[in-house]
Amino acid sequence: MGSMFRSEEVALVQLFLPTSAAYTCVSQLGELGLVEFRDLNASVSAFQRRFVGDVRRCEELEKTFLFLQEEVRRAGQVLSPPEGRLPAPPPRDLLRIQEETDRLAQELRDVRGNQQSLRGQLHQLRLHAAVLGQGHSPPVAATHTDGPLERSPLLQPPGGPHQDLRINFVAGAVERSKAAALERLLWRACRGFLIASFQEMEQQPEDPVTGEPVTWMTFLISYWGEQIGQKIRKITDCFRCAVFPYAEHEEGRLGALQQLQQQSHELQEVLGETERFLSQVLARVQRLLPPWQVQVRKMKAVYLALNQCSVSATHKCLIAEGWCAIRDLPAVQQALQDSSSEAGVSAVVHRIPCREVPPTLIRTNRFTASFQGIVDAYGVGRYQEVNPAPYTIITFPFLFAVMFGDVGHGLLMFLFALAMVLAENRPAVKSAQNEIWQTFFSGRYLLLLMGLFSVYTGFIYNECFSRATTIFPSGWSVAAMAIQSDWSDEFLAQHPMLTLDPNVTGVFLGPYPFGIDPIWSLAVNHLSFLNSFKMKMSVILGVTHMTFGVVLGVFNHVPTNRALFRGQEAVQSALVVLALVMVPVLLLGTPLFLRWRHRGRSQRKPAGRQPVEAGGWRESGREEEDKTRMLDSSDASVAGWGSDEEKAGCSEDGAGAEFVLSEVLMHQAIHTIEFCLGCISNTASYLRLWALSLAHAQLSEVLWAMVMRSGLGLGRKLGVAAVALVPVFAAFAVLTVAILLVMEGLSAFLHALRLHWVEFQNKFYAGTGYKLSPFTFASEEG
């Protein structure tokens, strides 16, 4: 938890990885997740790097994996995550995985192709059987009237010119959506020289591709003449109709129907065997694909990291650079030694000096992650900048509770968050995909403290669903006032409003032990009293909160990596001096310090570095001197000084640049005026604590008066209180959750967020850094 108060100390390290063990070393670093690699080949395109071929092979495998995954999903099955942690496989296993994957993919393609072919054949057999099985009786006469030519009789009388023509048939099936258009086009194109009969199939067959049931209609067309027959066949082909042979005699149709049923039965048996084999192949895919996906993703990540390394002149090792926390360096060195022990040459890691500002590393756990997320949403802190998150753990829920104070509402929020905390380890809860649920679940500990603090402030305000509770006896006595003031019946009748005088002996017995006295809920000046109380409280809390932020800003100007509470004497002395000098320090402190530092730089001579083998550098002097030089190179960010003063006072090189004191004084004067004016405006901004607290209390009072109080009175009139209160209480509960918990809670949350970001954190927190993003396999395992 000590690192939460300030980002951890991070150093730039150089790693020498033997070529034979480089893959194993980087793989082990990925499992640890402690080093952020820097790209040493930024000027080299991605297609010219050393391991681009291996990356492409992994990407080709991932494409095959997507095909296999889609086939599993198509079969209505799911892939279960692999059990345990799987390390990145050795490079020699990539060929084995690729061969087995290709074999599985080819088997699936073949089986799927056979299945589609068999389903298509079975579909055609069923359509043919339906055409032969359904009876089609041609109409006696044509009744279609589409023109003068179509009113002529369809059949010529016996002995006419067409008495020798033979009647032919075209039978088949068409989708229902196309049947009407087909019938209309046939009639118009053939000028009525046909008889068409359409019937809907009794049993709707499944589509062989999608498996969904499709409505089909069978048709039987009788016609005369070869030219008419050619037109009919072309039209049915255009409509993608399934056309089948149709015997003229019923005996021939029955024989063909029996043969079709036998073929259909045989095809169903073959299709069943094919589907059983397909299930076996899919079972193998379900068993092998999840671990392969994780392993190949890790392998690809290793090769991408290796592509960021440079090759030594002798081609015997790879050189990598990266950021790493100083406390993790022993673990990194041990991991590299274990990974390279079989290669005969041990991998080496050592610190190197750097003028760049290191990334920010703040470790969190499941409790502090949500509070750190609030701070990081404003901006990631600079390296070694004071972190507001530990203080936000207390101040954010408290300021929220000041605006949301109610025992009942806070208890509901606390119980909701407590339920999420108790169920946080259940797989179903963690794997829920609902975005709103994920937002609440990630902030469960924040909601827990917000609800708990709201219960506390609710007791202070003495409000529980807008009702006051009498936990302790009231500090006011009406009896003493009545006895000593001789209140008579006539006096009470003439004075509907009574005033309790605390100067009368026995009327005011002393302050209420905890919170606001419940008698104020009966007073006429209740709102006036709370208005004054909460407004003054908001100003006091705001000044205290901002003063605490100013005090925290002092630690940004002390170059130390120790915890906040070490060296208490120095801190107390600094606070006393700050309280005495105040504005002069704000105006002159920064310019004088920059001038002194500029003079020190001009007199200091940089220490040399001695070259060592393998392209590295050996740091001269003691390790502490190197650390001091590293910090001095970027002390503008480490010590917390603003960039404006630094640019006005000296250039980035800083060694022999001209120092302009007048420009620094001008910038500091602007910042001093801005700070003083900001203190006034920021203090006024804390009045939102007063406004939202009153608004929440009054809205809760209105909801009680309009719903519950009306319902209780209605129940007495009707004499069915139990029945009448059921819908009333249901409406009160729904409105309480929707308005007072969700809407009012969100409003108080946003205002508390603004108070922390604008009024509190701007006193000491710049948030202009960037996070340390170590190379890790955590995302590949998800």
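This is a predicted model: local features need pLDDT of at least 70, side-chain atom pairs count only at pLDDT 80 or more; totals for chains, interfaces and linings use all residues.
The side chains of Asp328 and Arg363 come together in a salt bridge, at 2.5 Å from N to O. Where do the two partners sit? Asp328 is in the loop between strand 8 and helix 7, while Arg363 is in the loop between strand 9 (348–351) and helix 8 (369–378), so this pair ties together parts that are 35 residues apart in sequence. For orientation, strand 8 covers 317–325 and helix 7 covers 329–339.

And is Asp328 buried or exposed? Its relative accessibility is 10%, and buried means under 20%, so Asp328 counts as buried. Arg363, at 30%, counts as partly exposed. Leaving aside residues up to four places away in sequence, Asp328 touches Leu34 and Arg363.

Now let's step back to the whole chain. We have 782 residues, and 42% of them count as buried. The chain holds 25 helices and eleven strands. If you take contacts between residues at least 6 apart in sequence, 84% of them join residues at least 24 apart. The accessible surface comes to about 42900 Å², and 59% of that belongs to carbon and sulfur atoms.

Back to salt bridges for a moment. How many does a search of the whole structure find? It finds 24.

Another one joins Glu759 and Arg754, at 3.0 Å from N to O. In this pair, Glu759 is buried, with a relative accessible area of 1%, whereas Arg754 counts as partly exposed at 34%.

On to the sheet. Quick reminder: strands of a sheet pair through backbone hydrogen bonds, either parallel or antiparallel. Here, four strands form an open sheet in the order 4-5-3-6, and the pairing is antiparallel. Which strands stand at the edges? Strand 4 (194–200) and strand 6 (242–244) do, each with a single partner strand, so one side of each is left without a neighbour in the sheet. From one strand to the next, the twist averages 20°.

Look at strand 4 and strand 5 (residues 216–224): they pair in the antiparallel sense over seven bridges. Within that pairing, Phe198 stands opposite Phe219 in strand 5.

What packs on this sheet? Helix 4 (residues 176–189) does, touching strand 3, strand 4 and strand 5, and its direction makes about 150° with that of strand 3. There's also helix 3 (residues 93–133), which lies across strand 3 (167–175), strand 5 and strand 6, running at about 60° to strand 6.

Last stop, the surface. Tyr456, Phe459, Ile471, Phe472 and Phe514 make a nonpolar surface patch of about 450 Å². One of these, Phe459, is found in helix 13 (residues 444–461). Phe459 is partly exposed, with a relative accessible area of 32%.

That's the tour, so over to you for questions.

Notes
Residues are numbered from 1 along each chain as its sequence is written. Side-chain values use heavy atoms; hydrogens and water are left out. Two strands pair if DSSP finds at least two bridges between them. Helices (H or I, at least four residues) and strands (E, at least two) are DSSP runs, numbered from the N terminus. Axes are lines fitted to C-alpha atoms, for helices over the stretch in contact, and angles run from 0 to 180 degrees between N-to-C directions. Contact means heavy atoms within 4.5 Å. Buried means under 20% relative accessible area, exposed over 50%, partly exposed in between (1.4 Å probe, protein chains only). Patches are made of residues with over 30% relative accessible area and no salt bridge: like charges are joined within 9 Å, nonpolar side chains (Val, Leu, Ile, Met, Phe, Trp, Tyr) within 5 Å. Accessible areas come from the Shrake-Rupley method with a 1.4 Å probe; for residues, only the protein chains shown count as cover. A salt bridge is a side-chain nitrogen of Lys or Arg within 4 Å of a carboxyl oxygen of Asp or Glu.
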